[in-house]
Each structure stands twice: as structure tokens, then as C-alpha cells.
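Subject: Structure for you to look at

Hello,

Please find the structure below, with notes on what was found in it. Keep the 3D view open while you read.

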Amino acid sequence: MIGDQSHSHIENDPEYMGLNVNEGIVPLPSVSEDSVKRFLKNKKKRTLSVAQYVEGILNGDITILSQAVTLVESSKPEHQEIAQEIIVKCLPFSGNSVRIGITGVPGVGKSTFIEAMGKHITSKGEKLAVLAIDPSSERTKGSILGDKTRMEDLSTDPLAYIRPSPSAGSLGGVARKTRETIILCEAAGYNNIFIETVGVGQSETAVHSMVDFFLLLMLAGAGDELQGIKRGIMEMADAITINKADGNNIEKAGLARIQYQNALHLFPATESGWKPKVLTCSAYMKTGISEIWDTIDEYMTMNKGSNYFQHRRNEQSKFWMYETINEQLRNNFYQNEKIKTIMEETEVKVLKEEISSFVAAKKLLDIYDQIRRNI
Ligand code: GDP
């Protein structure tokens, strides 16, 4: 026992005069049972009605917006139900924004760039929401958006709203949640939306399918292989920016700009007729930022004039409807308990070549059909 220490410790023996072990105190629990109860009670009280959520969002209340986004991200059916009601009511107030996708490999300077560009936007008095698609849960640590201190200025800017990526779930699920979050942010008056993703995987396609403008950040001197950028991603870009064009890197960045511009000429013409631009910037020194913003502005003016803007948004809406159906059907099927059991047995049979893959798939789908009919 802590109280008895003075007697049992060898240091307290007269032989070791001058040494003394003080008595300790019994540590108090850091959270008392009472305070937990109070917290839970207050939390309960704070549950809002759908109308209150919608009103808060339309008033631009960041706390309420964040709570609504949490509902969107939740996988609990009761949360999803409220979230969907909120989304439907916010839809008429959404859409009036510029949605910009920003991608590039880790280290290229995305968070530094978002901060520089973000401040450029908010300095004009405009609001900006920064969202992310990052389905890998491993990246929560060290993630730009998970670690807000890396966007210190922007995260304390009252005109900016930064929301880390919903970390759990499949890419499709995470992307859908991000798309729904866009609707809520727009209804809350955020007329500029950034969606950030790491430029190494599948998530660019998902981001591309929900933004008006897709910006790829690159570095000079690092081969495309090294940057892990696939040709398909370059083809999706409406602009490429060579970042870190500062110090003795300026010249190399200029050369890279010309190389990429030449490479883009070889790509097929875009549907809108827009010619993707290659620019240079230093997110760190905040140079070249306004030129990129002017390019985005030019793109928006051109595409709104030609109606391509609306056409693309319509296509995206259709795409997300089908995506959501596919995801739901897949989930229903794979998460069905009976199917799960039969799936394992069937897999063994396929591996033993007792039945073919196609027969196995048909059999499972037939069984699922049967289960659905009996519900
Ligand atoms: P992310 O992983 O793509 O988000 O990259 P970060 O924004 O975290 O930047 C990675 C590193 O590059 C950091 O040390 C930044 O300070 C640095 N960095 C970002 N932008 C620039 C730039 O324009 N110039 C220079 N010299 N360094 C930069």
C-alpha cells in the first residue's frame, strides 16, 4: 500500500540516513462516475430534430453542420435515416459552389497548398470547406486533415471548415459520404469546396466524379514513376501544378512545366473543349497561387457559358445514383448471414473443381433471391 511505503522501503533504514521516501497519495480517478453521467445526460439533451439541424446548417452554424456530417458518416441505420432527411431538405440550397479536387502523392505539398489557396479564397471574403477522401484507415496518423496543426492558419479561419476524411469503410462508401457532406456544406454557404485525396490509388476516380475541376500537384525532377502518378490520373486533370517552384528549384520547375504541357498535347481532347493547363507554384512561398485560382475561374466561366458545367453535374448525379444502388445491393448480398455461410462452402467446391465459378455464382444469387422472396 502506498501509505505504508515509509516503513517498508530500505531507503528509510537508519543505515541510509539522509534518504527518505515520502508517502504517496492514493490517486483519484480522473473521471468520476458522476461526471460521466452528467456528460451523457447533456449529450442526450443536445439531440436535435431534423428541422433544427436544417435550420442550423442554413444559418451556417459550424457545430450543427459538424454534427450533421457525423450522422452522414455514421453506419447506424437510425443515424442514416436522420441524415438522409437532412440531406433531402438541404438539397434545394446546395449546388451553388465550385467543387475542386486536389490530388498528388504524399509530400508533394497538398496541405501546404490547400492552406495557401484557402487563405487566398477566404481573404476575398468567400467561404471554403475542405473535405477529404481517404479510405485507408492507416493514414489517420500524420494525415493532413487528421492533423489540423498542419493547416494552422486555415483551421482557425472563421470562413473555413475543415473536415477529415471519414476513415472507415470501402472507397465507395467513403466517397458517397463525402458527396453527401458536400451537399450539407453548400447549404451552409460554403461556395468553394476542396476535396483532397492522395494521388496513388483509386480514390482519384471517385473524387473526379464529384468535382467540377481536378487539380494535380506534381514535383519537378521526380519521374512520373517515382511520383506514382498513373497516366489515367494525368488525363483526368484540368490543370497540373508543379509545386515547390522556389529557391534553386525554380528553373527545374519551369522545365517540368514545358515537358508536362507537351505531354498533355498528346492526350485526346477533353469533352468540354478545355485545354488542360500546366502551371508552377510555391505553396510555401505563396507564389503562383492567384494564377491557379484565375485558371479555375476561367474554366468555370467557359464551362458555365457552354452549359458543360451543368451537363457534367447531371452526369455525376446519375453516376452517384447508380453507385449507391450498386453499393447497397453488394452490401445486402455479402452481409447476409445465410449467404456468408453458403459462400464459404461454395468457395471450397469451386476450388476442388466440383462446380464451375459461374454455376457457383448463379447458385448463390438464386439462393439470395429465394431469401429475399421469403422476407
Ligand atoms: P502533403 O503530404 O502532400 O500534404 O505535403 P505537405 O503539404 O505536408 O508538404 C510536405 C513537405 O513539403 C513539408 O515539409 C512542406 O513544408 C514542404 N513544402 C510544401 N510546399 C512547399 C513549397 O512550395 N516549397 C517548398 N520548398 N517546400 C514545400
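The largest nonpolar core has 51 residues. A nonpolar core here is a set of buried Ala, Val, Leu, Ile, Met, Phe, Trp, Tyr and Cys residues joined through side-chain atoms within 4.5 Å. Buried means under 20% relative accessible area, exposed over 50%, and partly exposed in between, with a 1.4 Å probe and protein chains only. The residues with the most contacts inside this core are Ile57, Leu65, Ile86, Leu184, Ile195, Ile240 and Ile242. Helix 8 (residues 171-187) gives the most to this core, namely seven residues. The core also draws at least three residues from each of domain 1 (45-93) and domain 2 (95-306), with domain bounds that come from an automatic or database domain assignment. Another core, of 33 residues, lies apart from it, and Ile121, Val130, Ala160 and Met300 are among its members.

Before going further, note that this is a predicted model, in which local features need pLDDT of at least 70, side-chain atom pairs count only at pLDDT 80 or more, and totals for chains, interfaces and linings use all residues. Residues are numbered from 1 along each chain as its sequence is written, and side-chain values use heavy atoms, with hydrogens and water left out.

As for the whole protein, there are 16 helices and seven strands. Helices (H or I, at least four residues) and strands (E, at least two) are DSSP runs, numbered from the N terminus. Of the 375 residues, 42% count as buried. Among contacts between residues at least 6 apart in sequence, 72% join residues at least 24 apart; contact means heavy atoms within 4.5 Å.

Which residues does Ile57 touch, leaving aside its neighbours within four places in sequence? They are Ile64, Leu65, Ala68, Ile86, Cys90, Leu184, Ala187 and Ala188. Glu55, in helix 3 (residues 50-58), counts as exposed because its relative accessibility is 51%. The C-alpha atoms of Glu55 and Ala188 are 9.5 Å apart, although 133 residues separate the two along the chain.

Thr181 lies in helix 8. Its relative accessibility is 4%, so Thr181 counts as buried. A polar atom of the Thr181 side chain lies 2.7 Å from the backbone oxygen of Lys177. This is a polar contact: a pair of N or O atoms within 3.5 Å, where within protein one must be able to donate a hydrogen and the other to accept it, and residues adjacent in sequence count only if both atoms are side-chain atoms. Not counting residues up to four places away in sequence, Thr181 touches Val69, Val72 and Leu131.

Next, the aromatic rings. Rings of Phe, Tyr and Trp (its six-membered ring) pair if their centres lie within 6.5 Å; planes under 30 degrees apart count as stacked, over 60 as edge-to-face and the rest as tilted. By this rule the count comes to six aromatic pairs. In one of them, the rings of Trp274 and Tyr299 have centres 5.0 Å apart and planes at 90 degrees, so the pair is edge-to-face. Trp274 is in the loop between helix 12 (250-265) and strand 7 (277-280), while Tyr299 is in helix 13 (residues 289-305), 25 residues apart. Both Trp274 and Tyr299 are buried, and together with Phe213 they form one aromatic cluster.

Phe333 and Tyr368 have ring centres 5.2 Å apart and planes at 85 degrees, so this pair is edge-to-face. Phe333 lies in helix 14 (residues 308-334) and Tyr368 in helix 16 (residues 357-374), so the pair ties together parts that are 35 residues apart in sequence. Phe333 and Tyr368 are buried.

Some charges sit over rings, meaning that NZ of Lys or CZ of Arg is within 6 Å of the ring centre and within 35 degrees of the ring normal. Lys127 lies over the face of Tyr190, 4.3 Å from the ring centre. The charged end of Lys304 sits over the ring of Phe309, 4.8 Å from its centre. Phe309 is also in contact with Asn303, a residue of helix 13 that counts as buried because its relative accessibility is 1%.

Last, the backbone. Most residues other than glycine have a negative phi. Asn307, in the loop between helix 13 and helix 14, has a positive phi, near 70 degrees. Lys286, in the loop between strand 7 and helix 13, has a positive phi near 60 degrees.

Regards
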